[in-house]
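Here's a quick briefing to read with the structure open beside you.

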Amino acid sequence: MKYPVSVLAEPGLGKYRPGLAGAARAALSHQQAEPGSLTVLLAGVTRMQQLNAEFAGVDRATDVLSFPADDQGLDVGGRYYGDIAVCVPVAQAQAARKRHDLAGEGQLLVVHGVLHLLGYDHDTPARKRQMWRAQKEILTALRSGTDPRHAST
């Protein structure tokens with residue numbers, strides 16, 4: 001497989017795995033990334049707060065964190081892109097607030113995390129527009145079943 005994706009879950013969160021590996025692969029394919037792998041962790045509030053405090057200096061849970069890997073080509077299947085952590089309770093609250101399903105929110109957060117692993121950011125208005133456009137294209141392709149490499153809005 002061109003893009004192996006491992007989805008790990010803290011106890012009790014495994015039922016939220018479906019669709020997340022596919023969302024990560026769709027983002028990698030859309031960006032025509034070189035073959036490689038990544039890991040998605042489904043975390044609870046406590047773990048996500050610990051990760052956010054340790055790596056971002058913010059002592060609260062957040063929806064998604066990305067941890068790009070520094071190693072290139074060390075994985076047998078190609079590059080190891082890094083790790084993404086998704087906080088399921090925060091995703092649930094966001095989905096309820098936006099009035100859409102948790103599966104869709106999870107896919108959005110994974111796509112967002114993958115784009116960060118690939119170097120996207122939203123720290124300026126121009127970069128935010130670029131990242132949001134890529135997210136929209138990927139999610140539209142994913143939901144319609146079309147090839148994400150050829151998605152455009």
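Which residue in strand 2 is the bridge partner of Val7? It's Val40. Keep in mind that this is a predicted model.

- Four strands make up an open sheet in the order 1-2-4-3, and the pairing is mixed.
- At the edges sit strand 1 and strand 3 (64–68), each of which pairs on one side only.
- Going from one strand to the next, the twist averages 15°.
- If you want a landmark for strand 4, look for Asp83, which stands opposite Thr39.
- Strand 2 (residues 36–43) is largely enclosed by the rest of the structure, because 7 of its 8 residues are buried.

**What lies on the sheet**

- Helix 1 lies across strand 1, strand 2 and strand 4, and runs at about 145° to strand 1.
- Helix 3 (residues 88–98) packs on the sheet too, where it touches strand 2 and strand 4.
- The direction of helix 3 makes about 65° with that of strand 4.

- Is helix 1 mostly covered or mostly open? It's mostly covered, with 9 of its 11 residues buried.
- The buried residues are Leu20, Ala21, Ala23, Ala24, Ala26, Ala27, Leu28, Ser29 and His30.
- Those buried residues pack against strand 1, strand 2, strand 4, helix 4 and helix 5 (125–144).
- Just after helix 1 comes Gln32, which takes a positive phi of about 50°.

**Helix 1 with helix 4**

- Helix 1 (residues 20–30) packs on helix 4 (residues 102–117) at an angle of about 40°, and their axes are 8 Å apart.
- That angle is why helix 1 counts as oblique to helix 4.
- The crossing of these two helices is right-handed.
- On the helix 1 side, the contact uses Leu20, Ala23, Ala24, Ala27 and Leu28; on the helix 4 side, it uses Gly106, Gln107, Val110, Val111 and Val114.
- Sorted by class, the residues of this contact between helix 1 and helix 4 come out as 8 nonpolar, 2 polar and no charged.

**Helix 1 with helix 5**

- The axes of helix 1 and helix 5 come within 10 Å and cross at roughly 120°.
- With that angle, helix 1 is oblique to helix 5.
- The crossing of helix 1 and helix 5 is right-handed.
- Here Gly22, Ala23, Ala26, Ala27 and His30 of helix 1 meet Ala134, Glu137, Ile138 and Leu142 of helix 5.
- The contact of helix 1 with helix 5 has 6 nonpolar, 2 polar and 1 charged residues.
- Ala23 and Ala27 are worth a click: they meet helix 4, and they turn up in the helix 5 contact as well.

**Helix 3 with helix 4**

- How far apart are the axes of helix 3 and helix 4? They are 9 Å apart, with the helices packing at an angle of about 115°.
- The crossing of helix 3 and helix 4 is right-handed.
- Helix 3 brings Ala91, Gln92, Gln94, Ala95 and Lys98 to the contact, and helix 4 brings Leu102, Glu105, Leu108 and Leu109.
- By class, the contact of helix 3 with helix 4 has 5 nonpolar, 2 polar and 2 charged residues.

**Glu10, a loop residue**

- You'll find Glu10 in the loop between strand 1 and helix 1.
- Glu10 has a relative accessible area of 23%, so it counts as partly exposed.
- Setting aside neighbours within four places in sequence, Glu10 is in contact with Leu41, Leu42, Ala43, Gly44 and Arg47.
- The C-alpha atoms of Glu10 and Leu117 are separated by 22 Å, and these residues are 107 residues apart along the chain.

Technical notes. Residues numbered from 1 in each chain as written. Predicted model: local features only at pLDDT ≥ 70, side-chain atom pairs only at ≥ 80, totals over all residues. Heavy atoms only, no water. Axes fitted to C-alpha atoms, helices over the stretch in contact; angles between N-to-C directions. Parallel < 35°, antiparallel > 145°, perpendicular 65-115°, else oblique. Left-handed = near helix turned anticlockwise from the far one by under 90°. Contact = heavy atoms within 4.5 Å. Nonpolar A, V, L, I, M, F, W, Y, C, P; charged D, E, K, R; others polar. Buried < 20%, exposed > 50% of the residue type's maximum accessible area, 1.4 Å probe, protein only. Pairing = 2+ DSSP bridges.
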